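Student: Could we go through this structure together, one question at a time?
Tutor: Gladly; here it is.

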Amino acid sequence: IIGGKPASPRKHTHMVMIGYGGADDKHWLCGGSLISTNYVLSAAHCTTTGKWGKPKWARMGDLDLSTRTEDARPQERMIIEHHNHPQYREPAVYHDIAIYKLNNDVSMTDWVSPICLHTSSEYPGSEVIVTGWGRTDFVSETSPVLMEVEIGLYNDSECKKLMDKTGGNKLPRGIDSRIMICAGVSQGGKDACSGDSGGPLIIQTSKCSKLQIGITSIGRDCGLPNSPGVYTRISHYIPWIESVVWS
């Protein structure tokens, strides 16, 4: 997360770290969100990470990987099923959404609970929050501490104008507003970055209620001016999510 601040304890109880590698050698390379007692939502491009293979671990309820003394109560589970959206085709990032099934139910606590998914394509505001353990600038290491930053939604036409010509092989058809959301700040300096992929883009509807509207998918570098991040638009995928989780 670029330009953000450390998240306060028990604020983002839906946040999940997605891990790769063996039990003694875990690498936390993506984020996700808890959507039920045993399913996690993430990005399809997190399902294949080259040398580490598919994700094997999900860690809920953590805040700071570098210490055991913070206000957190981590729970770890194994990922036993990977469901990428059937229309996802690498290297393009259209339909960049995945669901991971956990080997056992997570215990619901003050530190761990699922998030609600936003089902309409209209949003109750334009201020959104993105969270993750990714890089805090384009060249740094990933952050051991969960970070959050408040950014704004771009309207679809502005996003297309800024991003359509720069997408390369990841966005060969440019921005598809039916299935993508753009968010950032026009002056730059606040953004998701490498390692935040798969994590949630959320809208705070009132003091206590959060809705997930997007999944961190792709950006052009991190935090550049006039270069919004691109997020998978969850409302488009509610029927598919329900078909996997309720099957």
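Tutor: Contact means heavy atoms within 4.5 Å. This is a predicted model, where local features need pLDDT of at least 70, side-chain atom pairs count only at pLDDT 80 or more, and totals for chains, interfaces and linings use all residues. Residues are numbered from 1 along each chain as its sequence is written, and side-chain values use heavy atoms, with hydrogens and water left out.

Student: Leaving aside neighbours within four places in sequence, which residues is Ala-44 in contact with?
Tutor: Ala-44 sits in the loop between strand 4 (39–42) and strand 5 (57–60); strands are DSSP runs of E, at least two residues, and helices are runs of H or I, at least four, numbered from the N terminus. Beyond neighbours within four places in sequence, its contacts are Asn-84, Tyr-88, His-95, Asp-96, Ile-97 and Ala-98.

Student: Is Ala-44 buried or exposed?
Tutor: Buried means under 20% relative accessible area, exposed over 50%, and partly exposed in between (1.4 Å probe, protein chains only). Ala-44 has 0% relative accessibility, so it counts as buried.

Student: Which residues touch the most other members of the largest nonpolar core?
Tutor: A nonpolar core is a set of buried Ala, Val, Leu, Ile, Met, Phe, Trp, Tyr and Cys residues joined through side-chain atoms within 4.5 Å. The largest one has 49 residues, and those touching the most other members are Leu-41 and Ile-241.

Student: Which helix gives the most to this core, and with how many residues?
Tutor: The helix in question spans residues 238–245. Helix 2 is the top contributor, with five residues.
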